[in-house]
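The stops below are given in the order in which they may be selected.

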Amino acid sequence: MASDTDAKALGEALRSEYSAIFGYGVVSAYVSDTYNSSVATVWSAHRARRDRIIHIIESSDEDLPQPEVAYTSTKKVWDSLTAMQLAARIEDDCSIAWVNALQQCSTPDGRQLAMRALLHTAEWTARWRIAAGTTPSVDAFPGLHRSKGKDLHEVDPGAQPSPTLPTISSHSTTTSPENDRTVLSTPSSTTMMSSTMTPSNKVSPSSLSDR
């Protein structure tokens, strides 16, 4: 059974994992086929981490945080490059959350989980930045270089648009360089979920190959 301190700290990190999972839905809709394997790998890792945290919190006395209906970003997404930029920012946001969790967890197991998650998000921040040609690609202190909070924010449920969208795989999206709103829906929801995000990246597929 997790300590209440760890459960509370992991609950905050869980919110970041929720937004990352949502954000990768947008990334997957726009990234080129070259990077599909990389997206699938990291997306799966975030879902697995989410499930593990949920299990830990459910074994404690803390309330389990629930995901928001949708998340937004100030950035725009309209092609593979901007999708990769978004992926880098998603991982960067997660690094910030996991640094906070690492500082707050009180048990070895909790700190180990936070450290592994931080290493994972820092690695993928660098991978996506390299793919996008962003410099610097590596932070000396992952999760500590930005003073502001997450780039992805919860959407006000009462302020959602009513979109008409094409279908891409299991997600529906529409956006353009002139329109900074990306609208995404998933089969698990009966309502359309909106998000505005902007990513950029490009590099050879080998730089994103799984270890």
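Select Asp-4, Asp-61, Glu-62 and Asp-63, which form a patch of negative charge on the surface of this predicted model. A patch consists of residues with over 30% relative accessible area and no salt bridge, like charges being joined within 9 Å and nonpolar side chains (Val, Leu, Ile, Met, Phe, Trp, Tyr) within 5 Å. Asp and Glu count as negative, Lys and Arg as positive, while His and the chain ends are not counted; each charge is placed at NZ of Lys, CZ of Arg, CG of Asp or CD of Glu. Accessible areas follow the Shrake-Rupley method with a 1.4 Å probe, and for residues only the protein chains shown count as cover.

Helices (H or I, at least four residues) and strands (E, at least two) are DSSP runs numbered from the N terminus. Asp-4 has a relative accessible area of 38% and is therefore partly exposed; buried means under 20%, exposed over 50%, and partly exposed in between (1.4 Å probe, protein chains only).

Residues are numbered from 1 along each chain as its sequence is written. Because the model is predicted, local features need pLDDT of at least 70 and side-chain atom pairs pLDDT 80 or more, whereas totals for chains, interfaces and linings use all residues; side-chain values use heavy atoms, without hydrogens and water.

Next, select Ser-60, in the loop between α2 (36–58) and β1 (71–72). Is Ser-60 buried or exposed? At a relative accessible area of 10%, Ser-60 is buried. Its side chain reaches the backbone oxygen of Ile-57 at 2.7 Å and the backbone nitrogen of Glu-62, a member of the patch, at 3.2 Å.

Now turn to the salt bridges, of which the structure holds 6. A salt bridge is a side-chain nitrogen of Lys or Arg within 4 Å of a carboxyl oxygen of Asp or Glu. Select Glu-17 and Arg-49, whose side chains meet in one of them (3.3 Å, N to O). Glu-17 lies in helix α1 and Arg-49 in helix α2, so the pair ties together parts that are 32 residues apart in sequence. Glu-17 is buried at 0% relative accessibility, and Arg-49 is buried at 11%.

Move to helix α4, where Arg-127 and Glu-123 lie 4 residues apart, about one turn of the helix. Their side chains form a salt bridge (2.6 Å, N to O). Arg-127 is buried, with a relative accessible area of 9%, whereas Glu-123 is partly exposed at 22%.

Finally, select Asp-92, Arg-129 and Asp-139, which a network of salt bridges links.

Key. Polar contact = N/O pair within 3.5 Å; in protein donor to acceptor, adjacent residues only side chain to side chain.
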